[in-house]
Amino acid sequence: MSEGILLIISGPSGVGKGTVCRYLISMREDLKLSVSTTTRAPRPTEREGMEYYFTTLPGFKEMIEQGSFLEWAVVHGDYYGTGLKEAQNSLASGEDLILEIDVQGAVQVMEKLPEAISIFLAPPSLEALEERILGRGTESTENINGRLATARQEMDSYYLYDYIVVNDQVDNAAELISAIIDAEKCRVSRGARPPGWGGESK
Ligand code: ADP
Ligand code: 5GP
């Protein structure tokens, strides 16, 4: 069985990562979204094990010491991390896994797993990004200002990624990402072979 593809979808807070990932998952049954662990308090609609695994700061720090994370980062004052075992098991069983993570975490995964495909989701403009963060209505004013300041810095990291996708319309962005996944699956260096061809390359 061939290993699954690890897809990093990253970009500034409020750009629409969660929205685009949900759309993408509804389009393609072959994709699984990794569930991160966080110390952030759950939002009213969030459920344990669905959007996140919620934990305490001491609990998170213990997981860091135990080497439980593929990557972790402090984002807007809260800790977020991707479970190492969950990612390893998923890829080994041939599943294609999406990590929806911030720029700091994306860089850690790129360094550890260069075969991961990284996509920077960009807003059509900084004004559109601000409108989306305000429109979501989930943050305090102080938190919004922090997220906007970080977002401007995060935009400068685009060049570290394999691909940039602009989230102008959710369906357009998801379809572009889906096309990138299809193209990556055709890569000979990733193990793509002509039908019935099991042998070594010549
Ligand atoms: P992130 O996960 O990157 O923090 P979200 O997915 O929570 O961002 O999206 C932030 C807000 O922007 C949400 O209110 C969402 O409905 C909205 N949004 C996402 N994508 C678009 C888009 N293409 N056009 C307009 N609004 C969008
Ligand atoms: P939110 O609190 O809005 O759900 O997420 C805040 C930020 O944390 C988003 O940019 C999101 O992509 C990022 N994030 C979520 N999970 C992880 C993770 O496991 N690792 C890292 N590094 N960032 C994450």
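**Figure 1. Contacts of ligand 1 in the predicted model.** A nitrogen atom of ligand 1 is placed 2.9 Å from an N or O atom in the side chain of asparagine 167. The structure shown here and in every further view is a predicted model. The backbone also takes part: a backbone N or O atom of lysine 17 is found 2.8 Å from an oxygen atom of ligand 1, and a backbone N or O atom of glycine 18 is found 2.9 Å from an oxygen atom of ligand 1. On its own, ligand 1 exposes 570 Å², and 73% of that is buried by the protein. The surroundings of ligand 1 comprise 15 residues, of which Gly14, Lys17, Thr19, Arg136 and Asn167 are the closest.

**Figure 2. Contacts of ligand 2.** A polar side-chain atom of tyrosine 80 is 2.5 Å from an oxygen atom of ligand 2. From the backbone of glycine 81, a polar atom lies 3.2 Å from an oxygen atom of ligand 2. A nitrogen atom of ligand 2 has a polar side-chain atom of aspartate 102 at 2.7 Å. Of the 510 Å² of accessible area that ligand 2 has on its own, the protein covers 95%. There are 16 residues around ligand 2, and those that come nearest are Ser36, Arg40, Tyr52, Glu71 and Tyr80.

**Figure 3. Arginine 40 and its surroundings.** Arginine 40 belongs to the loop between β3 (36-38) and β4 (52-54). With a relative accessible area of 9%, arginine 40 falls under the 20% limit and therefore counts as buried. The side chains of arginine 40 and tyrosine 80 are joined by a polar contact of 3.3 Å. When neighbours within four places in sequence are left aside, the contacts of arginine 40 are Glu46, Tyr52, Phe54, Asp78 and Tyr80. Arginine 40 is also one of the residues that come nearest to ligand 2.

**Figure 4. Arginine 147 in helix α6.** Arginine 147 is part of helix α6. The relative accessible area of arginine 147 is 6%, so this residue is buried. Residues up to four places away in sequence not being counted, arginine 147 touches Ser13, Arg43, His76, Tyr80, Ile133, Arg136 and Glu139. Isoleucine 133 stands 14 residues from arginine 147 along the chain, and their C-alpha atoms are separated by 8.3 Å.

**Figure 5. Backbone of histidine 76.** Histidine 76 is located in the loop between β5 (69-75) and β6 (78-83). Most residues other than glycine have a negative phi. In histidine 76, by contrast, phi is positive, near 50 degrees. The relative accessibility of histidine 76 is 25%, which means that this residue is partly exposed. Histidine 76 is among the residues touched by arginine 147.

**Figure 6. The two ends of helix α2.** Threonine 56 caps the N-terminal end of helix α2 (residues 57-65), with a side-chain oxygen 3.1 Å from the backbone nitrogen of glycine 59. Just after α2, a positive phi of about 70 degrees is taken by glycine 67.

**Figure 7. The largest nonpolar core.** In soluble globular proteins, nonpolar side chains tend to be buried together. In this model the largest nonpolar core has 23 residues, and Leu7, Ile9, Leu24, Ile98, Val165 and Ile177 have the most contacts inside it. At least two residues of this core come from each of β1 (6-10), α1 (17-27), β8 (117-122), α5 (126-136), α6 (141-155) and α7 (170-185). Helix α7 gives the most to this core, namely five residues. Apart from this core lies another one of 16 residues, including Leu6, Leu70, Ala106 and Ala122.

Figure 8. Seven helices and nine strands are present in the chain. The radius of gyration is 17 Å, close to the 17 Å given by the globule rule for 202 residues, so the chain is as compact as a globular protein of that length. Along the principal axes, the C-alpha atoms fill a box of roughly 60 × 40 × 30 Å. Of the 202 residues in the chain, 41% are buried. Among contacts with a separation of 6 or more, 69% are between residues 24 or more positions apart. The accessible surface of the chain is about 11,100 Å², and carbon and sulfur atoms account for 52% of that surface.

Notes: Residues are numbered from 1 along each chain as its sequence is written. Chains are lettered from A and ligands numbered from 1 in the order in which they are written. This is a predicted model: local features need pLDDT of at least 70, side-chain atom pairs count only at pLDDT 80 or more; totals for chains, interfaces and linings use all residues. Side-chain values use heavy atoms; hydrogens and water are left out. A nonpolar core is a set of buried Ala, Val, Leu, Ile, Met, Phe, Trp, Tyr and Cys residues joined through side-chain atoms within 4.5 Å. Buried means under 20% relative accessible area, exposed over 50%, partly exposed in between (1.4 Å probe, protein chains only). Helices (H or I, at least four residues) and strands (E, at least two) are DSSP runs, numbered from the N terminus. A residue is near a molecule or strand if one of its heavy atoms lies within 4 Å of it. A polar contact is a pair of N or O atoms within 3.5 Å; within protein, one must be able to donate a hydrogen and the other to accept it, and residues adjacent in sequence count only if both atoms are side-chain atoms. Accessible areas come from the Shrake-Rupley method with a 1.4 Å probe; for residues, only the protein chains shown count as cover. Contact means heavy atoms within 4.5 Å. The radius of gyration is taken over C-alpha atoms; the globule rule is 2.2 Å times the number of residues to the power 0.38.
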